[in-house]
Amino acid sequence: MKNRKALFGFKDLKVEVEGKEVVKGVSLEIAPGEIHAIMGPNGSGKSSLSNALMGHPGYEITSGEAYLSGENLLDMEADERSRAGLFLAFQYPLAIPGVTVANFLRAALKSHRGPDADMTDFRRLLKAEMKSLSIDESFATRYLNDGFSGGEKKRVEILQMSVLNPQVALLDETDSGLDIDALKTVADGINRYHSENNGILLVTHYQRLLNYVKPDYVHVMIGGRLVKSGGPELALKLEESGYDWVAEEVGQKAGV
Amino acid sequence: MSDAVRQQNQQLRTINQDYATKYGFRDPVDYFHKGARGISHEVVEMISRMKNEPRWMSDRRHEALDIFMAKPMPGWGNTELLNEIDFDNIYYFMKPIENQQTSWDDVPEYIRKTFDKLGIPEAEKSFLGGVSAQYESEVVYHSMKEDLKQQGVVFLDMDSGLREYEEIVKKNFGTVIPSTDNKFAALNTAVWSGGSFIYVPPGVDVKIPLQAYFRINAENMGQFERTLIIADKGSRVHYIEGCTAPVYSTDSLHSAVVELIAMEDAYIRYTTIQNWARNIYNLVTKRATAHKNATVEWVDGNLGSRLTMKYPCIQLVGEGAKGEILSVAFAGVDQHQDAGAKVIHAAPNTSSRITSKSISKDNGRASYRGLAKVHKKAVNSKISVECDALLIGEDARSDTYPTMEIDNEQVRVEHEARVSKVAEEQLFYLTSRGLTEDDARLLIVNGFMEPFTKELPLEYAVELNRLIELEMEGSIG
Ligand SMILES: Nc1ncnc2c1ncn2[C@@H]1O[C@H](COP(=O)(O)OP(=O)(O)OP(=O)(O)O)[C@@H](O)[C@H]1O
Ligand SMILES: [Mg+2]
């Protein structure tokens, strides 16, 4: 397909959850600096793919390969994948009662930097990133996602990304649940993070995020397969006409 | 997945291995006085004589011994373990040194070293208003800040309390917990030694905590400290106790009695962090009486021991009195934490809140045993009970035995009980941010304990988190 120096990619990847194959052989490569978007109907396997890539034990990769900066991701546990530079912003972030956002993020950043690393800059870093994302300071001492609104959770996912500054960020419907202003704030956050050295794979249902975060490629996922790829214009067309025409084009019924 | 669980269990099996080095060391001691094993009226008489007590106290002891011998073992809790206690094999009284000291320099070096290792003199310097250190049966060191003395605050070991404030002790001793209450309260009354006596005069606010530290060193030692705290009208006090013991192959017994009396508008908080070795039987009776508009709070953390049975109680006898009991228990391998809380509403407009958190790991077992009783005249009372259990590993066990006896219709009662496991989804969320699985699990456990930890003075919160970390730690290389 593309250049060999892809930052991140996977090939013929198949994923099973609860004994059922939900991702049925997908391949993709992301070069440094690229933004890819995946769109597709509910239940087509987008989150399963993201979870499997991040190393969720419930999503078993039955065949295929996946790598990041030349390293085999499939040999690694979730925490090792994170420290290798992979990040997943969850579609449904979980609450961790009793663990404050600040303590959690400090522990996470420390795990990336190593046990003896200097963390004296942490407070300042956290404060600055929270400010850029218009997250109130009080959130630093709130329990992670505990009682957060849908939009607040998504913002805090992006906060985590900003603090950890991964090589590749998988963003699973980070735009859903955001009001119009928050969408802009979050999009700004993603753009601030994005550089020519890192890559983004974002999953979305709507064009609106893509107005702010411009993808280089758009892929369509239907029934566990990536069935079509194109440029940003593909997203516009999907928004206008839905998925049926793609399904017909590839001779397969849409949805699951 | 089951592989991962098995591996996790394997790692967790070796918990608190550090206890042996951190707290489990033993001192070779030449005791000033070491009695014989076993209990009898002769032993009781000997203890009383050595202490040079007034006759009435000695009579109480003998009377209590008869009650102890007559009373059967409790028929609830962990009866199997209870019946393993060999009362004839226990030393009921050991006096490490002849006289109590008020300067650490005068405490014999081996004892001072022990408390040094436990961080006590350091803590005294940094944040405590007064310190008492008990080694086996007797308090070996005692001190209190000068300004508190000047305000009339009394903080003594119980033996000195009896000598110097006999009238107050005579009037209050055993009024909250009579010898007849239970077998172990009777035993304590018969052979008690050490513990703390605190009296706070009306209106005095003791702003910095007073602390006692109880240390068992000898094998088969029975420690029976007796604590009485009286907060007079409108006064406030926070008392903290910590406990440890070495690791021996045979059991030791810790059976304390703690009585609190909060007079009108007074406030008492009693914080305990117990981290006993795994062969200690920890059978403690703690009860408070709260008079009109008084507040009593028990903050009770239980780690270690073989069997703990402890149910801090608050009797709300005055109108508008408030009680709060916040407890955590950590039950590891072969341990049973049978802990709980009791509140008795005996006056109108009283309120109570019980929050109980337990963690069971491996084959550890944590039980919550609670009683909430509301008398007829306690109208407009409020009770809330929340029990939260966290299970780690397939064999961990938790049970809840709540009892409510409510003789009154104008009462608001809330009761919630939850049992959860460290969810795989939560672990994944944290590990996906770079934390190792062990760190992630520890963070979740600490989060679970947070409502408790945040009530502790910072130094204790840090220490407790460290203890939990030791409990959670995988095999140590
Ligand atoms: N943990 C799970 N247990 C059982 N089935 C699952 C699980 N996770 C996903 N599935 C199933 O796998 C299929 C794909 O789900 P997935 O969440 O990956 O879809 P999606 O494309 O992200 O959908 P959406 O757009 O609604 O988020 C669905 O049929 C779903 O029910
Ligand atoms: Mg999804």
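A few ground rules come before the tour. This is a predicted model, where local features need pLDDT of at least 70 and side-chain atom pairs count only at pLDDT 80 or more, while totals for chains, interfaces and linings use all residues. Residues are numbered from 1 along each chain as its sequence is written, chains are lettered from A and ligands numbered from 1 in the order in which they are written, and side-chain values use heavy atoms, with hydrogens and water left out.

**Where the chains meet**

Let's start with the interface. Here 18 residues of chain B are in contact with 32 residues of chain A, contact being heavy atoms within 4.5 Å. Between them the two chains bury about 1900 Å², and 66% of that is on carbon and sulfur atoms; buried area is the accessible area (1.4 Å probe) that two parts lose on being put together, summed over both. On the chain B side, Phe428(B), Tyr429(B) and Arg433(B) lose the most area to chain A, together 41% of what that side buries.

Arg433(B) turns up again in a salt bridge, its side chain meeting that of Glu157(A) at 2.7 Å, N to O. The rule (a side-chain nitrogen of Lys or Arg within 4 Å of a carboxyl oxygen of Asp or Glu) finds one salt bridge across this interface.

**Around ligand 1**

Now for the ligand. There are 16 residues around ligand 1, and Gly43(A), Lys46(A), Ser47(A), Ser48(A) and Tyr59(A) come nearest; a residue counts as near if one of its heavy atoms lies within 4 Å. That shell divides into four nonpolar, eight polar and four charged residues. For this sorting, Ala, Val, Leu, Ile, Met, Phe, Trp, Tyr, Cys and Pro count as nonpolar, Asp, Glu, Lys and Arg as charged, and the others, Gly among them, as polar.

β2 (20–30) and α1 (46–54) of chain A each supply at least two residues of the shell, and α1(A) gives the most, with three residues. Helices (H or I, at least four residues) and strands (E, at least two) are DSSP runs, numbered from the N terminus.

| Side chain | Ligand 1 atom | Distance |
|---|---|---|
| Ser48(A) | oxygen | 2.6 Å |
| Tyr59(A) | nitrogen | 2.7 Å |
| His205(A) | oxygen | 2.9 Å |

Taken alone, ligand 1 exposes 620 Å², and the protein buries 68% of that.

**Salt bridges elsewhere**

Over all chains, a search of the whole structure finds 33 salt bridges. In one of them, the side chains of Lys51(B) and Asp159(B) meet at 2.7 Å, N to O. This pair links distant parts of the chain, 108 residues apart: Lys51(B) sits in the loop between α3 (41–50) and α4 (55–70) of chain B, and Asp159(B) in helix α9 (residues 158–164) of chain B.

Methods
Polar contact = N/O pair within 3.5 Å; in protein donor to acceptor, adjacent residues only side chain to side chain. Areas by Shrake-Rupley, 256 points an atom, 1.4 Å probe, with all protein chains shown as cover.
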